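Here is a structure to look over with its sequence. The questions that come after it are meant to be worked through with the coordinates open.

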Amino acid sequence: MTARIFHIARNTFREAVRDRVLYNLIAFALLMIGGAVLVGQVSIGIERLVVINLGLTAISLFGIVIAIFIGIGLVSKEIEKRTLYTILSRPVRRWEFIAGKFFGLGGTLVVNTFFMGLGVFAALLYVSHHFEKSDAWVLVAIYFIILQFILVTALTLFFSSFSSPLLSAVFAFSLFVIGTFSEDLRGFAAVAHGATGWLATGASYIVPNIAALNVISSVAHGQPVAGGLVLYNTGYALLYAAMAVCGAVLVFERRNLK
Amino acid sequence: MNATRRVEWETSVLLLLCLAGSVFMLRRVERIRSSATLREVLFISSPQAAKRLSLGYDGLMADIYWTRAVQYFGNHHAQGAEEYKLLAPLLGITTALDPHLTVAYEFGSTFLSTSPPNGAGMPQEAVKLVEYGIKNNPDDWHLYYNLGFIYYLELKDYKNAADAFRRGSQLPHTHPWLKILAARMSEHAGDLETARMMWSAAYQTSTDKQVKANAAAHLRALDVDETVPILESMVDKYRRDTGHMPLNFANLVRSGALTAIPRDPTGRPYKIMPDGHVEVSKPDALPFIEKGTPPGYVAPPPKFSYSE
């Protein structure tokens with residue numbers, strides 16, 4: 001079982017790495033990180049701040065775009081090319097296929113983020129000629145960005161298990177945007193009463209809490225991130241992603257592929 | 001049970017467990033990041049920038065900002081805050097996005113003008129907010145009424161209060177109360193009867209439950225503030241007539257000075273203290289009272305909610 005998932009994940013990774021769109025996006029993200037150096041130079045005293053803010057924002061946004069645009073084709077491409085039938089005709093279960101696809105794209109994003117993160121640290125080194133102790137928190141922010149990618153990948157996979165690629169992209173991106181406002185939604189739930197309050201509370205638990213995974217502004221100012229936050233955010237992102245993948249498996253198990 | 005069915009069952013159970021686990025984790029995250037959205041930072045402080053960034057959806061953005069202003073005020077009020085730094089900018093952005101959102105002027109000016117800890121204690125900012133509202137909604141008499149109320153209650157500026165009521169009273173579809181208040185303000189601004197009229201007007205002109213409850217509480221407080229000095233003068237007269245202090249109001253009833261034991265608006269009897277002062281039995285039940293409280297008494301913040 002594990003070997004089969006691993007093989008599907010490895011193939012998904014290979015396929016994603018061959019995709020030219022991926023390189024374009026990474027190049028664009030690195031260009032933005034490089035651009036941060038220029039922006040910092042025309043301002044006063046915020047070189048490092050701009051490099052961290054713009055660099056991490058570029059990683060986050062381009063990573064989300066990669067997660068969505070590759071994620072939406074994970075299932076539909078296999079159906080379109082009829083390769084899915086070949087895979088499922090072998091001793092591969094549908095849920096193993098979904099899990100493999102998830103791990104494959106997740107791995108791709110982790111590797112991408114590693115390279116884009118290197119770009120940010122190179123830009124930091126360029127503007128200040130040395131690293132500071134507080135730069136370690138940038139690594140935590142990058143880790144949280146990877147958790148965001150895992151959430152978005154799982155959601156995209158869930159939508160692509162029953163919807164067209166275009167609609168999957170719209171759904172996943174909308175949920176990502178709503179997720180960035182999830183703390184406002186929770187604030188609204190806290191002051192609302194009765195059925196509205198229940199509904200808002202329920203919705204705030206269902207939508208992904210992207211906002212909690214964004215510590216870019218605070219790490220840019222060298223502020224530390226609480227250990228508890230790292231622990232619980234990790235638990236939250238993994239459980240939420242597992243929930244979305246389970247949803248994708250449930251839909252895909254019942255899907256008529258004929 | 002076939003293999004597919006078993007996978008579905010196991011996945012469903014796992015999904016529910018993951019949902020419960022993620023909710024648990026999220027609650028833990030919230031404990032660490034409590035009130036993260038309402039921290040003392042306003043990322044877009046310029047109303048014009050907020051309007052441009054709304055991409056034409058300024059109505060919806062105004063609703064969101066108004067909700068954030070209410071949340072900000074509610075959270076700070078619940079914590080007994082003395083400062084409400086972001087309240088005026090939040091209300092400024094809300095009303096710039098939607099200048100016709102009259103509820104933001106009405107409630108927002110109350111949040112701003114009321115003294116801490118019940119409000120931000122920024123009556124001048126409240127005046128600016130309502131004047132902006134009047135500029136954009138010149139036919140809404142409620143705004144002139146709000147403006148007059150701020151001048152009267154928080155700034156004790158009876159001339160401007162009278163002027164605001166007079167301006168409001170000249171509108172085509174105004175409330176008759178405004179004409180009466182304008183006249184009253186010009187002649188007897190500082191007395192209790194005027195205060196009673198103001199709060200009666202607030203009670204009668206509003207349809208909001210919280211506003212009505214607030215006005216009723218002020219009316220009860222005015223009743224106490226009026227009754228306590230009268231009772232104290234009766235106690236003093238009894239002392240002068242008999243040469244000793246009455247132990248309770250039953251003594252005054254027996255002497256014929258009173259026909260019954262006097263009770264406050266909550267139905268509780270007033271008390272005579274050994275030094276001759278009169279106090280209410282339970283001051284916490286009568287917010288806003290200025291007389292009839294024990295020495296050094298500090299009233300708790302009134303419990304009211306603006307969320308409904």
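The questions and answers below concern this predicted model.

Q: What ipTM does the predictor give the complex?
A: The model is predicted, and the predictor scores the complex as a whole. Its pTM is 0.62, and its ipTM is 0.79.

Q: Over which residues of chain B does pLDDT stay under 50?
A: The mean pLDDT of chain B is 83, and 90% of its residues reach 70 or more. One stretch of chain B stays under 50, and the model has 16 contacts beyond four places in sequence for it. That stretch is residues 304-308.

Q: How many helices and strands are there in chain A?
A: From the N terminus on, the elements of chain A run α-α-α-α-α-α-α-α-α-α-α-α. The count for chain A is therefore 12 helices and 0 strands.

Q: Where in the pattern of chain B do the strands come?
A: Chain B has 12 helices and 2 strands. Read along the sequence, its pattern is α-α-α-α-α-α-α-α-α-α-α-α-β-β.

Q: What percentage of the residues in chain B is buried?
A: A residue is buried if 20 or more other C-beta atoms lie within 10 Å of its own. Of the 258 residues of chain A, 47% count as buried. Chain B has 308 residues, and its buried part is 34%.

Q: Among contacts in chain A between residues at least 6 apart in sequence, what percentage joins residues at least 24 apart?
A: In chain B, residues 24 or more positions apart account for 51% of the contacts with a separation of 6 or more. In chain A, the value for residues at least 24 apart is 82%.

Q: Which helix of chain B gives the largest share of the side that touches chain A?
A: The contact takes 27 residues from chain B and 28 residues from chain A. Helix 1 (3-32) and helix 3 (58-78) of chain B each supply at least two residues of the chain B side. That side divides into 13 nonpolar, 10 polar and 4 charged residues. The largest share, 17 residues, comes from helix 1 of chain B.

Q: Which residues is A:Ala141 in contact with, leaving aside its neighbours within four places in sequence?
A: Beyond four places in sequence, its contacts are A:Leu56, A:Val215, A:Ile216 and A:Val219.

Q: What span is expected for helix 6 of chain A at 1.5 Å a residue?
A: Helix 6 of chain A covers residues 94-128, which is 35 residues. It is followed by A:His129, whose phi is positive, near 60°. From first C-alpha to last, helix 6 of chain A reaches 51 Å, close to the expected 51 Å.

Q: Why does helix 7 of chain B count as largely enclosed by the rest of the structure?
A: The 13 residues of helix 7 of chain B should span 18 Å at 1.5 Å a residue, and its end C-alpha atoms are 18 Å apart, which agrees. Its buried residues include B:Trp141, B:Tyr145, B:Phe149 and B:Tyr152. Helix 7 of chain B is largely enclosed because the buried residues number 12 of the 13.

Q: Is B:Lys156 buried or exposed?
A: B:Lys156 is found in the loop between helix 7 (141-153) and helix 8 (158-169) of chain B. Its phi is positive, about 50°, although it is not a glycine. Because 11 other C-beta atoms lie within 10 Å, B:Lys156 is exposed.

Q: How far apart in space are B:Pro117 and B:Glu82, C-alpha to C-alpha?
A: B:Pro117 is found in the loop between helix 5 (102-113) and helix 6 (123-136) of chain B. With 16 other C-beta atoms within 10 Å, B:Pro117 is partly exposed. B:Pro117 and B:Glu82 are 35 residues apart in sequence, and in space their distance is 5.5 Å.

Conventions. Residues are numbered from 1 along each chain as its sequence is written. Chains are lettered from A and ligands numbered from 1 in the order in which they are written. This is a predicted model: local features need pLDDT of at least 70, side-chain atom pairs count only at pLDDT 80 or more; totals for chains, interfaces and linings use all residues. Two residues are in contact if their C-beta atoms, placed from the backbone, lie within 7 Å. Helices (H or I, at least four residues) and strands (E, at least two) are DSSP runs, numbered from the N terminus. Ala, Val, Leu, Ile, Met, Phe, Trp, Tyr, Cys and Pro count as nonpolar, Asp, Glu, Lys and Arg as charged, and the others, Gly among them, as polar. The expected span of a helix is 1.5 Å times one less than its number of residues. pLDDT is the predictor's confidence in each residue, from 0 to 100.
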